[in-house]
Amino acid sequence: MVIIKRFLDFFISLVSIIILSPLMVLVAILVKLTSKGPVLFRQRRVGKNNKEFWILKYRSMRTDTPNVATHLLNDPNKFITPIGRFLRKTSLDELPQLINILKGEMAIVGPRPALFNQEDLNEARTKLGVHKVLPGLTGWAQINGRDELSTEEKVKFDKEYLDNQSLLFDIKIVFLTVIKVLKNEGVVEGSNPNQNPTK
């Protein structure tokens, strides 16, 4: 299962980068033209076995934004770039994570990687063994609430994924993720302290 999944992750991410390269270039140009700073945003995240890595995203917030989870900002909206809201709602800002998947730091499906300073989330995942799974571009928690989930709810869904891993389950999650993105469900740009969205 692990070997097959890694092969599929590598193959699908490579093909996706090739096919989506015109779109990725276009997004990069729009990010550069609409705000000052680098095209890509790098952030420390916690990966498999609690090993930290640098996740890649298209930058959707200003360069002076504090490097914390979005819900910790007093007014997240004032930091979002002109194109940032669109990128976040459509999840286009996540496309550079295909590179993280190629490098073996992430999988297509798995628990979303937490920030290094989200101690409550990381501790809860470690206690239940979720930290042994590669973090994913999308996951079971993502399609069951995404930004609307509390830490406890998120970990509960992560544990369900851990206990029920299979290729068919991954396919189901990818399919439901596409539907969620098209419906624009579960994305919150607010400051609810029970949420753990990240930049």
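Tutor: We will go through ring pairs, then charges over rings, then pockets. Keep in mind that this is a predicted model.

Student: How is a pair of aromatic rings described?

Tutor: A pair of aromatic rings is described by the distance of the centres and the angle of the planes. Searching the whole structure turns up four aromatic pairs. In one of them, phenylalanine 7 and phenylalanine 11 are stacked, with 6.3 Å centre to centre and 10 degrees between the planes.

Student: Where do phenylalanine 7 and phenylalanine 11 lie?

Tutor: Both are in helix α1, residues 2–34, and they are four residues apart, about one turn of the helix.

Student: Why do tryptophan 140 and phenylalanine 157 count as buried?

Tutor: Buried means under 20% relative accessible area. Tryptophan 140 is buried because its relative accessible area is 14%, and phenylalanine 157 is buried because its value is 12%. Ring pairs also link Trp140 and Phe157 with Tyr161 and Phe169 into a cluster.

Student: Which charged residue sits over the ring of phenylalanine 157?

Tutor: The charged end of lysine 156 does, 4.6 Å from the ring's centre. Elsewhere, arginine 42 lies over the face of tryptophan 54, 4.4 Å from the ring centre.

Student: And how do we find empty space?

Tutor: Rolling a probe the size of a water molecule over the atoms shows where empty space is left. Here the largest pocket has a volume of about 680 Å³. Its lining has 24 residues, with Ser91, Leu137, Thr177, Val178 and Val181 nearest its centre.

Student: Which element gives the largest share of the lining of the largest pocket?

Tutor: That is α6, with six residues. By class, this lining has 13 nonpolar, six polar and five charged residues.

Student: How much space lies in the second largest pocket?

Tutor: About 260 Å³. Of the 13 residues lining the second largest pocket, Val2, Lys5, Lys48, Leu134 and Gln165 are the closest to its centre. The largest share of that lining, four residues, comes from α1.

Key: Residues are numbered from 1 along each chain as its sequence is written. This is a predicted model: local features need pLDDT of at least 70, side-chain atom pairs count only at pLDDT 80 or more; totals for chains, interfaces and linings use all residues. Side-chain values use heavy atoms; hydrogens and water are left out. Rings of Phe, Tyr and Trp (its six-membered ring) pair if their centres lie within 6.5 Å; planes under 30 degrees apart count as stacked, over 60 as edge-to-face and the rest as tilted. Helices (H or I, at least four residues) and strands (E, at least two) are DSSP runs, numbered from the N terminus. Buried means under 20% relative accessible area, exposed over 50%, partly exposed in between (1.4 Å probe, protein chains only). A charge sits over a ring if NZ of Lys or CZ of Arg is within 6 Å of the ring centre and within 35 degrees of the ring normal. On a 1 Å grid over the protein atoms alone, a cavity is a set of points where a 1.4 Å probe fits but cannot get out, and a pocket is an open set with protein on both sides within 12 Å along at least five of seven lines; lining residues have an atom within 4 Å of a point. Grid points are joined across faces, edges and corners, and a volume is the space filled by probe spheres set on the points. Ala, Val, Leu, Ile, Met, Phe, Trp, Tyr, Cys and Pro count as nonpolar, Asp, Glu, Lys and Arg as charged, and the others, Gly among them, as polar.
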